Amino acid sequence: GGYATLEAGNFGLARFEGALNVPITDTVAVRAAGTFLEHSGWLNDGYDDADDTAMRMTVLAKPNSDLSIRLEGDYSNRSGQGDNVYIGRLTTAANSPLTSMNAWSPLNTLPTDQRVNYTDWSGQGELNYDLHCATLTYLPDYRVSTQNLSNSRFLDFFLTTLATTSNTHIKTDTQELRLTSDSAKPLQWVAGLYYYNLDEPASAT
């Protein structure tokens, strides 16, 4: 089984979301899910737009009553101009009360030109094996995140434009091995090993 939804609207809004479950055999099943969102910027300068995609696939296998294996991979991407910051100057004129939108006059909108590209993908799994005296669990997880941002900001105090770029590439690797006692026993215990590694190089100009 599965489902799918579609949506369209102003500002070029297009949204899709769906999932599909497929039994391959009596012991193996696959689920695929995805979502897509696109719209132009809510702001007049094009900011607060969206160009987002996300997908996930899961495979579940239960070869016998003692063993279960789940493998999962997902991907997501967000690009466009991204979010913006509005900075205003408070006007205290008599005809501009604080309750009026006219109480704020533009001081600067930052940044004046920006592009973002954020990409994430991961692969993880879970293995459970019933030893009848305890349960053995293995949980691997690997994630990669890439963030690229470029913008130019007009500094009205200095009447100049400052261009900046930043790039971040993050890798995370975790491995967990766990042995858990039988929950029906009066004495409960857990033993395990855990590994964590983070690699986070970054550059900015």
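Trp 121 is partly exposed, with a relative accessible area of 40%. The residue sits in strand 8, which covers residues 113-130. This is a predicted model, so every value here is computed from predicted coordinates.

Together with Met 55, Tyr 75 and Tyr 142, Trp 121 forms a nonpolar patch. The accessible area of these four residues together is about 390 Å².

## The chain as a whole

The chain has 0 helices and 12 strands. Read along the sequence, the pattern is β-β-β-β-β-β-β-β-β-β-β-β. The chain has 205 residues, and 23% of them are buried.

The accessible surface of the chain comes to about 13400 Å². Carbon and sulfur atoms hold 60% of that surface. Contacts also reach along the sequence. Of the contacts with a separation of 6 or more, 52% are between residues 24 or more positions apart.

Strand 2 spans residues 13-23, and strand 3 spans residues 28-39. The two pair in the antiparallel sense, over 10 bridges. A hairpin of 4 residues joins strand 2 to strand 3. One of the bridges can be picked out by name: Leu 20 has Ala 32 in strand 3 as its bridge partner.

Strand 3 also pairs with strand 4, which spans residues 50-64. This pair runs antiparallel too, with 12 bridges. Here Ala 33 has Arg 56 in strand 4 as its bridge partner.

## Arg 31 in strand 3

Where does Arg 31 lie? Its place is in strand 3. Arg 31 counts as partly exposed, at 37% relative accessibility. That value falls between the two cut-offs, because buried means under 20% and exposed means over 50%.

Which residues does Arg 31 contact, leaving aside neighbours within four places in sequence? They are Tyr 3, Ala 19, Leu 20, Asn 21, Arg 56, Met 57 and Thr 58. With Asn 21 there is also a polar contact between side chains, at 2.8 Å. Gly 1 is 30 residues from Arg 31 in sequence. In space, the two C-alpha atoms are 9.5 Å apart.

## Glu 72 in strand 5

Glu 72 belongs to strand 5, residues 67-80. Is Glu 72 buried or exposed? Glu 72 is buried, because its relative accessible area is 17% and the limit for buried is under 20%.

Beyond residues up to four places away in sequence, Glu 72 touches Arg 56, Met 57, Thr 58, Ser 122, Gly 123 and Gln 124. Its side chain also makes a polar contact with the side chain of Arg 70, at 3.4 Å.

## Salt bridges

How many salt bridges does the structure hold? The count is 6. Side chains of opposite charge can pair when their charged atoms come close.

Glu 72 forms a salt bridge with Arg 56, with the closest N and O atoms 3.7 Å apart. Glu 72 lies in strand 5 and Arg 56 in strand 4, so the pair ties together parts that are 16 residues apart in sequence.

Two other pairs stand in the list. Glu 7 forms a salt bridge with Arg 15, with the closest N and O atoms 2.9 Å apart. Glu 7 is partly exposed at 39% relative accessibility. Arg 15 is partly exposed as well, at 34%. Glu 176 and Arg 178 meet through their side chains in a salt bridge of 2.8 Å, N to O. Glu 176 counts as partly exposed, at 22% relative accessibility. Arg 178 is partly exposed, with a relative accessible area of 27%.

How values were computed
Residues numbered from 1 in each chain as written. Predicted model: local features only at pLDDT ≥ 70, side-chain atom pairs only at ≥ 80, totals over all residues. Heavy atoms only, no water. Patch = residues over 30% accessible without salt bridge, like charges linked within 9 Å, V, L, I, M, F, W, Y side chains within 5 Å. Areas by Shrake-Rupley, 256 points an atom, 1.4 Å probe, with all protein chains shown as cover. Buried < 20%, exposed > 50% of the residue type's maximum accessible area, 1.4 Å probe, protein only. Pairing = 2+ DSSP bridges. Polar contact = N/O pair within 3.5 Å; in protein donor to acceptor, adjacent residues only side chain to side chain. Contact = heavy atoms within 4.5 Å.
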